[in-house]
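Subject: Handover of a structure and findings

Dear colleague,

Please find the structure below, together with its sequence. I would be grateful if you would read the notes that follow with it open before you.

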Amino acid sequence: MAVELHTTEMHTAGEPVRIVTGGYPPVPGDTILAKRRHARDHLDHLRRLLMFEPRGHAGMYGVIPVEPDHPDADLAVLFCHNEGYSTMCGHATIALGRWALDTGLVAATPPDTAVRLQVPAGLVECRVGAGGEVRFESVPAFALALDEKVEVPGYGPVVVDVAYGGAFYALARAADVGLDVRASPTRDLVDAAAAITASTAATVPIAHPGEPDLGFLYGTILVDDAANLSPSSNVCVFAGRQVDRSPCGSGVTARIAADVARGRMEVGATREFAGPTGAAFTGTAVRSTAAGPHEAVVVEVGGRAFYSGRATFTLEEGDPLPGFLLG
């Protein structure tokens with residue numbers, strides 16, 4: 001075989017997590033962001049092999065373990081999807097917390113085992129319970145812009161907040177574009193969210209206070225009407241038109257950062273957030289902090305992940321279709 005890759009398959013609230021466990025070459029780089037750039041520039045054929053058809057699909061999500069460069073990290077990972085490499089992923093972090101404990105990468109210390117995970121956005125600490133439930137504390141999250149009016153072709157002016165939860169998201173009420181996150185067809189939600197992402201990225205300057213590589217708009221989260229609903233439902237559309245089946249852990253973090261900035265949620269408060277499958281994450285505003293010039297909050301997100309299988313993926317010499325996506 002020209003290529004042979006081994007994976008552990010998991011899902012968190014229905015969102016896939018494909019963890020590479022063998023066959024992937026070492027990724028050079030002095031920092032995790034340098035490793036991310038190297039994977040993007042030199043190893044992207046392997047991302048396409050694992051994420052695209054016929055071995056994956058447009059909604060697949062992957063994890064590539066790499067050597068950590070943070071002195072406190074137990075392990076480090078890169079995240080990947082149909083479009084490229086994300087900087088933070090909450091649903092995958094929940095799965096990785098359980099996987100690290102189950103595989104012995106981190107020794108169990110009941111009742112809660114700490115797993116320190118380095119991701120491109122920074123160091124994230126997970127707590128894994130004896131029953132498999134996982135909670136993690138986010139990197140500092142903040143509202144970058146509130147009540148930005150964005151002209152969206154086909155939808156007119158839409159008011160968005162832009163918030164950072166390890167990645168930047170535009171947050172918009174589904175009702176403002178004539179949709180309902182619980183009842184509208186997924187295709188309609190995706191069309192609207194993708195249009196909002198494109199218009200917001202073109203209108204609102206996106207900059208991270210510490211790392212230029214993190215300064216881009218990752219996607220749009222369409223939310224339900226009531227600010228105080230628990231669970232509050234949302235649909236996260238990221239990386240172009242990929243739909244998160246889970247509530248989206250980094251998106252929950254961004255939503256809480258925006259709500260705290262607005263005074264809708266106090267530090268110490270907890271809410272539930274549901275995604276398209278109906279499965280929920282908890283989100284707690286743990287403490288106030290700062291991210292450069294921005295007032296920020298550390299958010300704890302909790303959920304559960306489950307195993308769905310293990311796989312060996314191969315690419316034979318001469319296979320003309322190493323990876324493709326239908327439009």
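This is a predicted model: local features need pLDDT of at least 70, side-chain atom pairs count only at pLDDT 80 or more; totals for chains, interfaces and linings use all residues.

Residues are numbered from 1 along each chain as its sequence is written, and side-chain values use heavy atoms, with hydrogens and water left out.

Aromatic pairs

Rings of Phe, Tyr and Trp (its six-membered ring) are paired if their centres lie within 6.5 Å; planes under 30 degrees apart count as stacked, over 60 as edge-to-face and the rest as tilted. By this rule there are 8 aromatic pairs. One of them joins Phe142 and Phe168 edge-to-face, at 5.9 Å centre to centre and 80° between the planes. This pair links distant parts of the chain, with Phe142 in strand S8 (residues 142–152) and Phe168 in strand S10 (residues 168–173), 26 residues apart. Strands (E, at least two residues) and helices (H or I, at least four) are DSSP runs, numbered from the N terminus. Phe142 counts as buried at 1% relative accessibility, and Phe168 counts as buried at 0%. Here buried means under 20% relative accessible area, exposed over 50%, and partly exposed in between (1.4 Å probe, protein chains only).

Tyr169 and Tyr218 also form an edge-to-face pair, because their ring centres are 5.8 Å apart and their planes stand at 65°. Tyr169 belongs to strand S10 and Tyr218 to strand S11 (residues 217–223), 49 residues apart, so that distant parts of the chain are again linked. Tyr169 is buried at 1% relative accessibility, as is Tyr218 with a relative accessible area of 7%.

Strand S2 and its partners

Strand S2 (residues 15–22) has 7 of its 8 residues buried, so it is largely enclosed by the rest of the structure. Two strands pair if DSSP finds at least two bridges between them. S2 pairs with strand S1 (residues 3–12) in the antiparallel sense over 7 bridges, and Glu9 has Arg18 in S2 as its bridge partner. The hairpin of S1 and S2 has 2 residues between the strands, and Ala13 in the turn has a positive phi of about 55°. With strand S3 (residues 62–66), S2 pairs in the parallel sense over 2 bridges; there, Arg18 stands opposite Gly62.

Yours sincerely
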